[in-house]
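Biologist: I would like to go through this model with you. Could we take the overall make-up before turning to details?

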Amino acid sequence: MSTAAPLVPAEVRNRLKALRLVPRRASGSHGIGQHASRSRGAGLEFAQYRAYEPGDELRQVDWKLYARSDRFFVRESERESPITVWLLLDASASMQQADRTRPQWSRLHAARSLAACVAELALAQGDRFGLAAIGGDGLQLLPAGQGLRQRDQLHLQLQRVQASGQWPEANTLRPLWERVAASDLVFAISDGFEPGFVELLERLSAARREVVFAQLLTAEERDFPFDAGYRFVDPETARELRGDGRALRQDYLRRFGEAQAQLQARLHAAGVVQATTYLDQPVDTVLQALYARRGAR
């Protein structure tokens, strides 16, 4: 029997109940879910009254209005339809990075758990969800689907994803464009260090896909707590930098902050919603930042 920790711990699952995926421009195309579409009918959000017509269900009649006007009116509502959520996961080698204080919790571990959290939100809303993991092994796709069985398949697929290699060639990603429709929501998870990943987010947004980017960084990248001689190694290129941590710290923090500001400005210009979280924070921190205020309707 497996003793692996659940992808969504119980305490996190409880906090997720207060959140909703609220897309800005993605819209559902069919079915009953929790996202407003342009069609009207017997949905959840009131839109207008109209005169009763033969064939209308009696439960739609506003009887209080009938008592005041002696006429039958039907409450017409905006239909709320499910969307398709694509979890876009960076599986290149840099996602292996972890903090020294918690070496068993890498960026990839956090990315798996975060992706599973987003799937929980989609499941609760009746949304479809699928997975696209991109790394040295190319593109791994789980077609979008709904329900508990889809969630179980997603969890299995996430556990199989390994972080390795560099970003693949552009033609490797062609099946992704065949799957992700213009009205879909893309929830991307990465450290943001791979230029190819950032370019993909820009292209998806330009092609009318709604893109939300959750950036995963280590606490050491944020704080640079090194105070002695160290050998720093790029996991994707194996390039090394040797130096004294104390002497490097001020320059590193300045340059890292500038790089982050440039990345955020670039994504903002492309219309990508972005939030950053760190490995020493609860896995749902970024979801609280993105959706807590927008969750109430």
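Biologist: How many helices and strands are there in the protein chain?

Modeller: The protein chain has 9 helices and 13 strands, where helices (H or I, at least four residues) and strands (E, at least two) are DSSP runs numbered from the N terminus. This is a predicted model, in which local features need pLDDT of at least 70 and side-chain atom pairs count only at pLDDT 80 or more, whereas totals for chains, interfaces and linings use all residues. Residues are numbered from 1 along each chain as its sequence is written, and side-chain values use heavy atoms, with hydrogens and water left out.

Biologist: What percentage of the residues count as buried?

Modeller: Of the 297 residues, 46% count as buried, that is, under 20% relative accessible area with a 1.4 Å probe, protein chains only.

Biologist: Which residues have the most contacts inside the largest nonpolar core?

Modeller: They are L89, L114, F187 and L287, in a core of 46 residues. Such a core is a set of buried Ala, Val, Leu, Ile, Met, Phe, Trp, Tyr and Cys residues joined through side-chain atoms within 4.5 Å. The largest share, 12 residues, comes from α3.

Biologist: And what is F187 in contact with?

Modeller: Leaving aside neighbours within four places in sequence, the contacts of F187 (heavy atoms within 4.5 Å) include W86, L114, V118, V212 and L287. W86 also belongs to a second, separate core of 22 residues, which includes W167, L200 and L204.

Biologist: Turning to the strands, why is β7 described as largely enclosed by the rest of the structure?

Modeller: Because 7 of the 8 residues of β7 are buried.

Biologist: Which strands does β7 pair with, and in what sense?

Modeller: β7 pairs with β4 in the parallel sense over 8 bridges, and 6 bridges join β7 to β8 (residues 138-145) in an antiparallel arrangement. Two strands pair if DSSP finds at least two bridges between them. V85 has F129 in β7 as its bridge partner, while A132 is partnered by L141 in β8. β7 and β8 form a hairpin with 2 residues between them.

Biologist: Now the helices: at what angle do α6 and α8 pack?

Modeller: Helix α6 (residues 195-206) and helix α8 (residues 245-269) pack at about 25°, with their axes 9 Å apart. Axes are lines fitted to C-alpha atoms over the stretch in contact, and angles run from 0 to 180 degrees between N-to-C directions. The two helices are therefore roughly parallel, a term for angles under 35 degrees.

Biologist: Which residues meet there?

Modeller: V198, E199, L201 and E202 in α6 meet L263, R266 and L267 in α8.

Note on methods:
Buried means under 20% relative accessible area, exposed over 50%, partly exposed in between (1.4 Å probe, protein chains only). Angles under 35 degrees count as roughly parallel, over 145 as roughly antiparallel, 65 to 115 as roughly perpendicular and the rest as oblique.
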